[in-house]
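I set down here what I looked up in this structure, entry by entry.

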Amino acid sequence: MALIRYASPAWLVLADGQIFRGKSFGATGTAIGEVVFTTSMTGYQETLTDPSYYGQIVTQTFPLIGNYGVNASDFESSKSYVNGYIVREWCDKPSNFRCEDTIENFLKQNQIIGLYHIDTRRLTRTLREAGVMNGAITTENPEENPETLENLLKQIRAYAVINAVESVTDSERHVYAPEEKKYQVVLFDFGYKRNIRQELVNRGCEVIVVPAQTSPEEIRELHPDGIMLSNGPGNPAENTQIIENLKEIAKLQIPIFGICLGHQLMALAHGAKTEKLKYGHRGANQPVIDLASGRTYVTSQNHGYAVVGDSLDPAIAEVSHINANDRTCEGVRYKKINAFTVQFHPEAHGGPLDTAYLFDEFISRMQENFRKEAE
Amino acid sequence: MALRNDIKKVLVIGSGPIIIGQAAEFDYAGAQACRALKQEGLEVVLINSNPATIMTDKAMADKIYIEPLTLDVVKRVIEIEKPDSVLSTLGGQTGLTLSMQLAEEGFLDSHHVKLLGADPETIHKAEDRQAFKDTMEKIGEPCIPSKVVETVEDAVNFAKEIDYPVIVRPAFTLGGTGGGIAYDEAQLRDISTNGLRLSPITQVLIEKCISGWKEIEFEVIRDRKGNVITVCSMENFDPVGVHTGDSIVIAPAVTLSDREYQMLRTASLNIISELKVEGGCNCQFALHPESMEYAVIEVNPRVSRSSALASKATGYPIAKVATKIAVGYTLDEIMNQVTGKTYACFEPALDYVVIKFPKWAFDKFVYAKRTLGTQMKATGEVMAIGTSFEQAIMKAVRSTELGVDSMNMKKYQEMPIENILELLQGSVEDERSFQVFAALKKGVSVEKIHEITMIDEWFLEKLKNLVELEDWLADGELTEEKYLLAKQYGYLDRTIERFSGQKCPMHKNAVYKMVDTCAGEFKAETPYFYSTYDDENEAEQFIARTDTGKKKVIVFGSGPIRIGQGIEFDYCSVHCVWTLKELGYEAVICNNNPETVSTDFDTGDRLYFDPLTPEDVDNIIETEKPYGVVVQFGGQTAIKLTRHLADKGVKILGTSADNIDAAEDRERFDELLEKCGIPRPEGFTVMTTKEAVKVAEKLGYPVLLRPSYVLGGQNMIIAHSEQDVVEYMGIITSHMIENPVLIDKYMMGTEVEVDAICDGKDFLIPGIMEHIERAGVHSGDSISIYPAQNLSKKIRETIIEYTRRLALALEVIGLVNIQYVVYRDEVYVIEVNPRSSRTVPYISKVTGIPMVDIATKIMFGATLKDLGYETGLHPEGDYVAVKVPVFSFEKLQDVDTMLGPEMKSTGECLGIGRNFEDALLKGLVAAGYDLKREGGLLISVRNSEKKEMIRIADKFSRMGFDLYATSGTASYLNRNMIATNTVRKISEGSPNTLDLLESGKIHYMISTSAKGRMPARDSVRMRRKSVERSICSLTAVDTAMHSPMYYCPKERLTTWN
């Protein structure tokens, strides 16, 4: 209560000129980004620290955010990559036994500008109808001076998410050892979520996290048992060098598993196309049909681009999963190389754990390779 | 996969009469199921004994049996109808249990009937304690550790394994006598020693104590392909220990991090997958508040109260989807009706929060134990949707019609802080949330309250926000900023004015948001709205977008189910909506009860899920701009709005506001009766005890006392002496001095009830109902017979004539309900209600006259003549229908079961037969009476009724019953040549009546007393004992007189189409 009473104002300015007046939380100033929404009802910490949100202003459609505070162990990376954060209401008195701090303090520490006390449903409906749109959150009244507003709008409209992967990938290698090492996996860091690494470590993989630009030669020298292509932000087609590298890496005949951006890059490396979705899939309730089994799984998703299923060369690969709602491509299986990729997030965090079995499949592909080598 | 081709004809088993724990939600589920089956072109046979339901309507099934839900009857229906399958999962526990019994006996197999929804193995695994434990163990899902022990040493050893605190539950002691919570070994030794001594088989269950843990529920759906989804998570405001039906519930769960949420979600999916449920399932968990430890509390492999709530909370129609799955479809084949573009195989995303608030009957059962525990006590519930917890709980609390419009309850406001803390330290009561709020308001810290109550700090902090807002409102000028924030927090204008002591500086209307299952991600066309204080009005946009040019009519529903205002009013509201649609109007529903058919978003053209207070309703009218509104089908909840709406210039369809008032206002009503030349029992209005005593003397005892403006006979008594009058007036005046009390001459005659339809010129009485119990027993608690059996031609004609006069004098347009008493061959009017009544569904069904349909058409100008009806009494059928009330006494501790002017029943069922005896027998069997032809009868009646006992006792005696009575009655009966054993009164020491009841020798008890209610009185203790021992207790002489154990004719089945 006291919260709203004493909060200072903040505004959201959209590229189409709409202005939402709300209250400020987190850092102050002005932040421009691509405004997107996620429908997840839990997992705001994971969202805030998912590098795939790089360059975006994220809106939570669930109205009450920050209920359980923040804690270090649920972060998906070391910091937040969002450009701005919009909620209807944040909780200044969180309650959870693991809670270490409030969401506002987290935003302040990460210099993230937040906006609350706006009609987030109206904003969501706007984005749904018009598609993702650039916008700015600002704590300086944009309505005071028409000239300032005009300037801001110009900046907003000129904004584009570029060099996203470069900006989030770690330039150094890191090795993570399991309790008992059974496999060695190279994890390409396009902006990876920690739980991808953790799922591998839990299954006995020593994980070598390598920078996004790591060359095929370097990979070959590492002799990994498997290669994991991570999630990440931005327009996949922009990453031309990585796509070239992946063409070579695919030839190594090492089992490859791709998630999200990794899935898109792999498809691009094999001649397919990607497209930008009107407003993307962001949430923890996206139904995906596994075409082989006919089963539908509820998945966690966060992507603005998708692989165009029809653009895959049937001789090279086939669509293995589709989104039950809009029928877009959600997974690809490769025919000539030992690779499979998915658009959604089997590592969850946040979201359902229903497709974690895909990590098991990756492991069994590596095992199968061992068996073949032994023969 | 699609529809299985081996299914052509399905038997749907309903849930029977409404009792606590099994209420209207199963009518909602059953109606959805029947519709879904019919959509598939399947032949539907339905059995349900509850006539007040939509599911037993003609249009719902091809064949409807309104028959007792007993194994024998269901078997016979199967033999006659030869269905190829039975749907087991939509008729509550009743339907599931019957299905299970049919399967276990091999009856289904031998008749080649398939069980749909949950197979016997699934039901066994979920319902059998040990099988459930084994199943959970197999898939690694933790249960609450427990062990049966027979010695104190074993108890102590087991406690060491599972850690303290532990709960000790002695086996076979009633109400858990001798049990308790032990926090250390010394306590455990004490309690278990005592528990073992009290247990007749020397056994106690030692269970890990998880009270104080969070209680979380998931609604899960699975299809035969193995697809699994969760529809909704829910979190209880009260920690484990209070039945979830008695807890405030919030959806989705709000205090769980994604880790905890996904852990429990995954557990739910694992459970439903292992149980192989095909349809809906409810999983309840206890979650340790300070760790990731959890335990599975319970799993229901069927549609439940929680699934009705989850359906309404999310817009996801669980019952419909579960039914389609049961007949072969898979989740990915079923369209999401809300978006029309996506499929049922997804999980709803909410962009609001939902609060369920229970409705209890403690206002009626003043002496009932208000403690909440593992036995559910609420009769109904409301749901509220808001963009914040604060907004939702404010809406919820005013929807419950407790007489408060905020969390402040006068009695706790005035209570010293020490007393409130004492209450919080004691056992949980129904008003706990108000006690907590009062404590916060008096400055007790969140930490302290959490420590005492274990309610999560998150909830307490939210309540504290309301405290702070109220303080802020009271402090300084009421600015627009304050006003707007208060609106967003869910406060009404009048509440804001009361707290601030100032006029509102402005007025803001609510806007409406859509419930769309997907948080706005997809465009939806669900006509399902709730109010908020934002700027965008989606309802307005929707109305503009879908404008059909049709006139709009709003139908106000009846709110939460309570004693006296039950599912019948929902039946009427729904029928009104259907007729409005048929007449070419756009029908809009406003209601707040998640259990009902009326709040299914596809019942009307639009649904507003909001409270039904004047301001809430004004907002809806502002957005809808209706042609008119209908108030006469929503019980007192809707009728209450009439004056306000009429003052605002809203067109009230049907009987005018002025005439409704004429029937409700005592003075105006007396004038009207005088004008019509109709007598009523003499009576007066008094304010003080002194006046009351004087008036009572003048009238002559017995007299009937009640506060003016009552519902369901609330706080009504029959006083036999001055002492009774003084006691009663003492109670009433201590509560509400400003409210006058009515005293009437009590006439011990035959009660007769009439529901009539009037078009302003002609009137139609579909049937006259006669009550078995004489006046004095509330009409809702009486066994009611159609057609009346014992009325002379003259009386009958008088009743028809009086009905005509009253209907015309009140200018009734639509329905009117009139209660008469026939006393010494004269007809008197007791009550006139110019609205639909509890008996409308019953009489509509038994006479075949669609009363609500006709009444609705009349509101829009049709006449009875146009519709093809004669004036006067409709010709009687050649069958007899008996409506038998059903009570929930075993759920309500300390409630006196003696019937009186205060209504006590929670539901009803119907018996139809060729003659009165057949019908009554069926009705009683359906109501759960276990009728015996021999055994023991205990008689304990007040002096005035001893004479009448002779005939009754004689009948029982001739049948071969052994008779028992206390000394007075026994010697009286013996003097009259009826052999009766004498038994000691309770005060005379053991063995006495209580011991006799305990002994198993008694099968019937006839118990009446001059005074009741107080739990300490002997008669009340005896009646409570009979409830505990499931002994049929007859508390009115007439019920005993007509109890058909003398007849025991062969039941016959009648289809009701």
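**Sheet in chain B**

I looked up B:Arg169 and found that its bridge partner in β9(B) is B:Leu205. The model is predicted, so I note that local features need pLDDT of at least 70, that side-chain atom pairs count only at pLDDT 80 or more, and that totals for chains, interfaces and linings use all residues. Residues are numbered from 1 along each chain as its sequence is written, while chains are lettered from A and ligands numbered from 1 in the order in which they are written.

Strand β7 (residues 166-170) of chain B pairs with strand β9 (residues 204-208) of chain B in the antiparallel sense, over 5 bridges. Strands count as paired if DSSP finds at least two bridges between them. Helices (H or I, at least four residues) and strands (E, at least two) are DSSP runs, numbered from the N terminus.

I traced the open sheet of 4 strands in chain B and read its order as β6-β9-β7-β8, with antiparallel pairing. At the edges stand β6 (146-149) and β8 (180-182) of chain B, each with a single partner strand, so one side of each has no neighbour in the sheet. On average, neighbouring strands of this sheet are turned by 25° against each other, direction ignored.

**Helices on the sheet**

I found helix α7 (residues 152-162) of chain B packed on the sheet, where it touches β6, β7 and β9 of chain B; its direction makes about 15° with that of β9(B). Helix α8 (residues 185-198) of chain B also packs on the sheet and touches β7, β8 and β9 of chain B, with its direction at about 15° to that of β7(B). Contact requires C-beta atoms, placed from the backbone, to lie within 7 Å. Axes are lines fitted to C-alpha atoms, for helices over the stretch in contact, and angles run from 0 to 180 degrees between N-to-C directions.

I asked how α7(B) and α8(B) pack on each other: the angle is about 140° and the axes are 9 Å apart. That makes α7(B) oblique to α8(B), since angles under 35 degrees count as roughly parallel, over 145 as roughly antiparallel, 65 to 115 as roughly perpendicular and the rest as oblique. From α7(B), the contact uses B:Val152, B:Ala155, B:Val156 and B:Ala159; from α8(B), B:Glu185, B:Leu188, B:Arg189, B:Ser192, B:Thr193 and B:Leu196. I sorted these residues into 6 nonpolar, 2 polar and 2 charged. Ala, Val, Leu, Ile, Met, Phe, Trp, Tyr, Cys and Pro count as nonpolar, Asp, Glu, Lys and Arg as charged, and the others, Gly among them, as polar.

**A further helix pair**

I looked up helix α17 (residues 457-474) and helix α19 (residues 493-500) of chain B; their axes come within 7 Å and cross at roughly 65°. B:Glu470, B:Leu473 and B:Ala474 of α17(B) meet B:Ile496, B:Phe499 and B:Ser500 of α19(B).

**Domains and chains**

I recorded domain 1 (2-161) and domain 2 (165-374) of chain A, with bounds from an automatic or database domain assignment. Their C-alpha centres lie 29 Å apart. Each of the two domains gives 23 residues to the contact.
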